[in-house]
Amino acid sequence: MSVSRNEPCPCGSGKKYKKCCLNVKSAAESPSRFRFESGSYGGPGRQYMPSIISYEQITPEKWSEHFCLVNPVQCFDSGDKASALAEADLNDASAAKSDSGSDEDFAMSLKNKGYMKVDNFRRAVN
């Protein structure tokens, strides 16, 4: 599958591909300007969903929250269970990228598992 420069980025950021992942070099070429962390989205009294937050590197020492992906199909009573699934899904997506060297394959792996971008997300601080 090929994504044109002006199509929405398959990573779910809401940006055009040319303004998002098109220019991200593979990890073998240089360190990525993005990093991802697994977690859970939801809270007590509600169910928890697997989530993945993308951080963009602003300076060598500073990272900013870029976007959040959530899998609303998978719901758990425990944040730990949701986080564990998110971590496994993130590992699968990383393996897909390692196999092909393509950021698009990384993004499509998560999209195919049901992850969607959450607008106006708030990260809980423990």
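**Briefing on a predicted protein model**

The protein contains two helices and four strands, where helices are DSSP runs of H or I with at least four residues and strands are runs of E with at least two, numbered from the N terminus. Read from the N terminus, these elements follow the order β-β-β-α-α-β. The structure is a predicted model, in which local features need pLDDT of at least 70 and side-chain atom pairs count only at pLDDT 80 or more, while totals for chains, interfaces and linings use all residues. Residues are numbered from 1 along each chain as its sequence is written, and side-chain values use heavy atoms, with hydrogens and water left out.

**The protein as a whole**

- The protein has 126 residues, of which 37% count as buried (under 20% relative accessible area; exposed is over 50% and partly exposed lies in between, with a 1.4 Å probe and protein chains only).
- Of the contacts (heavy atoms within 4.5 Å) between residues at least 6 apart in sequence, 50% join residues at least 24 apart.

**The pair of helices**

- Helix α1 spans residues 79-100 and helix α2 spans residues 103-112; they pack at an angle of about 150° with their axes 8 Å apart. Helix α1 is therefore roughly antiparallel to α2, a term for angles over 145 degrees, whereas those under 35 are roughly parallel, 65 to 115 roughly perpendicular and the rest oblique.
- Axes are lines fitted to C-alpha atoms, for helices over the stretch in contact, and angles run from 0 to 180 degrees between N-to-C directions.
- On the α1 side, the residues that meet α2 are Asp89, Leu90, Asp92, Ala93, Ser94, Ala96, Lys97 and Ser100; their partners in α2 are Asp103, Asp105, Phe106, Ser109 and Leu110.
- The residues of this contact comprise five nonpolar, three polar and five charged (nonpolar: Ala, Val, Leu, Ile, Met, Phe, Trp, Tyr, Cys and Pro; charged: Asp, Glu, Lys and Arg; polar: the others, Gly among them).

**Two serines**

- Serine 109 lies in helix α2 and counts as buried because its relative accessibility is 15%.
- Apart from neighbours within four places in sequence, serine 109 is in contact with Asp92, Ala93 and Ala96.
- Serine 4 belongs to the segment before β1 (34-41) and is partly exposed, with a relative accessible area of 36%.
- The C-alpha atoms of serine 4 and tyrosine 17 are separated by 7.2 Å, and the two residues are 13 residues apart along the chain.
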